[in-house]
2 protein chains.
Amino acid sequence: MRSLPAFLLAILSVSVSAADYRSEQLVQAAQLRDSVVPGAAHAIVESLTTEVGPRMAGTEADMRAVNWARAKFAALGFDEVRIEPVKFPLWTRGREHAEVIAPYPQPLHITALGGSIGTGEQPLQAEVVMFDTLADLQAAADGSLSGKIAFINGRMERFRDGRGYGPAVAQRGNGASEAAKKGALAVVIRSVGTDLDRFPHTGQMRYAEGVTRIPAAALSVPDANLLQHMIQRGQPVTLALDIGAELRGEGLSYNVIGDIRGRSKPEEVVVIGGHLDSWDLGTGAIDDGAGVGITMAAGAAILAHAQRPLRTVRVIAWANEEQGLHGANTYAAAHAKEITQHILGAESDFGAGRVYALRAGVSTEYQSRFAQIAEVLAPLGIPYEPTGGGAGPDVGPLVVRGMPWAQLAQDGTDYFDTHHTANDVLERIDSAALDQQVAAYAVLAWMAADAPSDFGRVPPPVVAK
Amino acid sequence: MRSLPAFLLAILSVSVSAADYRSEQLVQAAQLRDSVVPGAAHAIVESLTTEVGPRMAGTEADMRAVNWARAKFAALGFDEVRIEPVKFPLWTRGREHAEVIAPYPQPLHITALGGSIGTGEQPLQAEVVMFDTLADLQAAADGSLSGKIAFINGRMERFRDGRGYGPAVAQRGNGASEAAKKGALAVVIRSVGTDLDRFPHTGQMRYAEGVTRIPAAALSVPDANLLQHMIQRGQPVTLALDIGAELRGEGLSYNVIGDIRGRSKPEEVVVIGGHLDSWDLGTGAIDDGAGVGITMAAGAAILAHAQRPLRTVRVIAWANEEQGLHGANTYAAAHAKEITQHILGAESDFGAGRVYALRAGVSTEYQSRFAQIAEVLAPLGIPYEPTGGGAGPDVGPLVVRGMPWAQLAQDGTDYFDTHHTANDVLERIDSAALDQQVAAYAVLAWMAADAPSDFGRVPPPVVAK
């Protein structure tokens, strides 16, 4: 470019600023996009769900998952594979059974919520009081639930972006303590899910400080309907609840980290990943075997690519996301000194649906780069959307500390049909949809790691899962 | 019609033989068709599934179902309601659990097959040997399964008329004895179902005479895939199986019968119905709450109609269909002397999908009547198909004894997705589809009971479910 004509210079100065990508980078990224091996991510998820299966944090199976992830990173040729310990309160599920005692005896399908205590030696037996929403329960008079089981029957709405989850999940997270404040002995909730199948959805709950701890369980959606229909008949409905869950001691797991070393700035890092733990009911295919498989396979594609990026691409199989981002918080604390070297992060933790948009949490000056990344993603049907979206849960603690984020927004229309249920199994996953995501993550990670500069820092956002 | 012109007589002699329906009967039947109260059948199924729920034959809940049916027939205004005792071998389920011990430990979702024995005090633990089909197992060398658990992995195909069930169900019915002949300690089968959900499908099995009895269970389809994927990796796979089922003593239930007395030939009977019992896993909405609801509601429509038919319409809520047509066989034996007075029978036992065809098992001379019935059914989208089809399971024992049958063929495309699973719940049912069927059954039963003569007798057919 020693004697470029003035009109060409003018064109280039419009389309490519000094902070943007050069055309050969776009060409290389497109080659990477097209190099993804069909079925690679599906094979990883199949391996994890078959050889390990359910892997709730702190269980023996979780430790097998850690070993599986180390071995898989190594087999895929990552430059460096290591584990970092993560500690958290240990929760165990135990037995769980519910049945209507009167006036219409029949069993109900329930599952204890993560973090819940049990019902003790004897099943708890009490009349059920139904509330359409958590707000209705909160509006009940103090003491009005004394000796009763509260039933919160709030419904979740279906959306492509899963935005029905936030409003619905409050009854899972806070229902127990809100019910206990009114005197309830236990709480059962309508599952936070969009399906009509007889699988209860588990998920984490929290006890508020200073409030009596009571057992908490979810009914499948058909069982919630059934209980509702019984209660609407007008007679008192008595439920027996037998939950063996307990929270005792400390659990240990590990973040498993695979690095692809950058060719000239290896200390600067782009983080992608999914979480390695799952709930114990299903085999954790969509939550989050998919995220692990997609990002490991994206790493493998980058490793196989002709050109290493400038910076390191780090794939993290995060520990214990489900019970409160324990792996992510531990990582952010342990890497506090290098946090500014984490230049961009993205997590795949929204199932196996196709990506429909690229979004980013960066200041305005870096947005043109994402428009360029989206040029490469265009054949995958992924446009850049300059607003909206949010960081994945496990990159949240880094984002809170100023790390810019990107989001490859997945179609989550069906995600909450089987989320946190026994039905989260390999059959929920379309291998071709994973391929599209592998290509997208590979391009995003490679281009971010090969960017002409970092992406600055961002102000702390509100992080939601 | 004292001086009808010759040309009119000629026309009538072509279109209406002495054995066919008069035009005013068609008009009345059309009025009946259009009089069905929307939601009537759904309300009956909702009542049964909510107030009784699972009602496996011989259980306390089954007895509540009998009382429910008596009360419902009475509330609907049937002229006579009675029960007739039915005895059968009593089967209880008990505990059921399976898990892979090595090399990939994880739980599998199973359910014991009806009629199976248990595994005894201790879980049974053995290597699994997989067969793609029952025929492959039958081709194995004698003794080759000694000390092993046989896994029969045959798949069921999806069809509107459910014809994939027959070929697939042999592994459920006969798998245990065929495996035992080769020395197996137990058998697990891929569920006989068309879904990809993590619900095992139960259903009846039979032990062959003179063959060692071994426990038999079904894996959900995803669990069968999982076990297959493990076995295909090449290492021996060890399974632990813990089944508490037992067959002990005698069970008692009742056929519940509601009669709508015919206006001039009450001793001649048209039989419609569904079966009252269900498996114990779901609430028995599609199998066969739907059939009970449809035919009870059809009876209610006939009761509300201006004109009673000539003959009696008998709605039977059959006892213990699931474990071997016990109610139907008992009825046929108990009513042996009046069997020729049962002029036509039909059963609704294929879920809640819309009816797409009318078929009949009658000799040729009566086929024109069914073409006339189909004229009345035409607005419901139900043509007459002069060939094919078969009697419903519970009318089978009467058909074997010469009773003509009719079939309102239902769309069963989705039926085997949730058949015999915990997911057989009210949510599977579309109320409007039931309305169509109520209208069809009401028209069929009324016209059959008001026919100018009976439908003759038929030679014994092959009866299949």
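Author: The expected span of a helix is taken as 1.5 Å times one less than its number of residues. The structure discussed here is a predicted model.

Reader: What distance does helix α4 of chain A reach from its first C-alpha to its last?
Author: Helix α4 of chain A covers residues 60-75, which makes 16 residues. At 1.5 Å a residue, a span of 22 Å is expected for this helix, and the distance in the model is close to that, at 23 Å.

Reader: Which strands and helices of chain A do the buried residues of α4(A) pack against?
Author: The buried residues of α4(A) are A:Ala61, A:Asp62, A:Arg64, A:Ala65, A:Val66, A:Trp68, A:Ala69 and A:Phe73. Their packing partners, all in chain A, are α3 (40-51), β1 (80-92), β10 (246-260), α8 (285-304) and β12 (311-318).

Reader: Are α3(A) and α4(A) roughly parallel or roughly antiparallel to each other?
Author: The axes of α3(A) and α4(A) come within 10 Å of each other and cross at roughly 150°. Angles over 145 degrees count as roughly antiparallel. The two helices α3(A) and α4(A) are therefore roughly antiparallel.

Reader: Is the crossing in which α3(A) passes α4(A) left-handed or right-handed, and how do the residues of the contact divide into nonpolar, polar and charged?
Author: As α3(A) passes α4(A), the crossing is right-handed. On the α3(A) side the contact is made by A:Ile44, A:Ser47, A:Leu48 and A:Glu51, while α4(A) contributes A:Arg64, A:Trp68 and A:Lys72. By class, the residues of this contact of α3(A) with α4(A) divide into three nonpolar, one polar and three charged.

Reader: Which residues of chain B make the contact between α3(B) and α4(B)?
Author: In chain B, the axes of α3 (residues 40-51) and α4 (residues 60-75) come within 10 Å and cross at roughly 150°. An angle over 145 degrees counts as roughly antiparallel, and α3(B) and α4(B) are therefore roughly antiparallel to each other. Their crossing is right-handed. The contact is made by B:Ile44, B:Ser47, B:Leu48 and B:Glu51 of α3(B), together with B:Arg64, B:Trp68 and B:Lys72 of α4(B).

Reader: Which residues of α7(B) meet α3(A)?
Author: Helix α3(A) and helix α7 (residues 221-232) of chain B have axes 10 Å apart and pack at an angle of about 100°. Angles of 65 to 115 degrees count as roughly perpendicular, and this is why α3(A) and α7(B) are described as roughly perpendicular to each other. From α3(A), the residues A:Glu46, A:Thr49 and A:Thr50 take part, and in α7(B) they meet B:Leu226, B:His229 and B:Met230.

Reader: How do the residues of the contact of α3(A) with α7(B) divide by class?
Author: This contact joins A:Glu46, A:Thr49 and A:Thr50 of α3(A) with B:Leu226, B:His229 and B:Met230 of α7(B). Taken by class, its residues divide into two nonpolar, three polar and one charged.

Reader: Is B:Ala346 buried or exposed?
Author: B:Ala346 is found in the loop between β13 and β14 (355-361) of chain B. Leaving aside residues up to four places away in sequence, B:Ala346 touches B:Val271, B:Ile272, B:Gly273, B:Val395, B:Ala406, B:Tyr441 and B:Leu444. Residues under 20% relative accessible area count as buried. B:Ala346 has 1% relative accessibility and therefore counts as buried.

Reader: How far apart in space are A:Lys265 and A:Leu310, C-alpha to C-alpha?
Author: A:Lys265 has its place in strand β11 (residues 265-275) of chain A. Not counting residues up to four places away in sequence, A:Lys265 touches A:Leu310, A:Arg311 and A:Thr312. In sequence A:Lys265 and A:Leu310 are 45 residues apart, whereas in space their C-alpha to C-alpha separation is 5.6 Å.

Terms used: Residues numbered from 1 in each chain as written. Chains lettered and ligands numbered in written order. Predicted model: local features only at pLDDT ≥ 70, side-chain atom pairs only at ≥ 80, totals over all residues. Heavy atoms only, no water. Helix = DSSP H or I, 4+ residues; strand = E, 2+ residues; numbered from the N terminus. Buried < 20%, exposed > 50% of the residue type's maximum accessible area, 1.4 Å probe, protein only. Contact = heavy atoms within 4.5 Å. Axes fitted to C-alpha atoms, helices over the stretch in contact; angles between N-to-C directions. Parallel < 35°, antiparallel > 145°, perpendicular 65-115°, else oblique. Left-handed = near helix turned anticlockwise from the far one by under 90°. Nonpolar A, V, L, I, M, F, W, Y, C, P; charged D, E, K, R; others polar.
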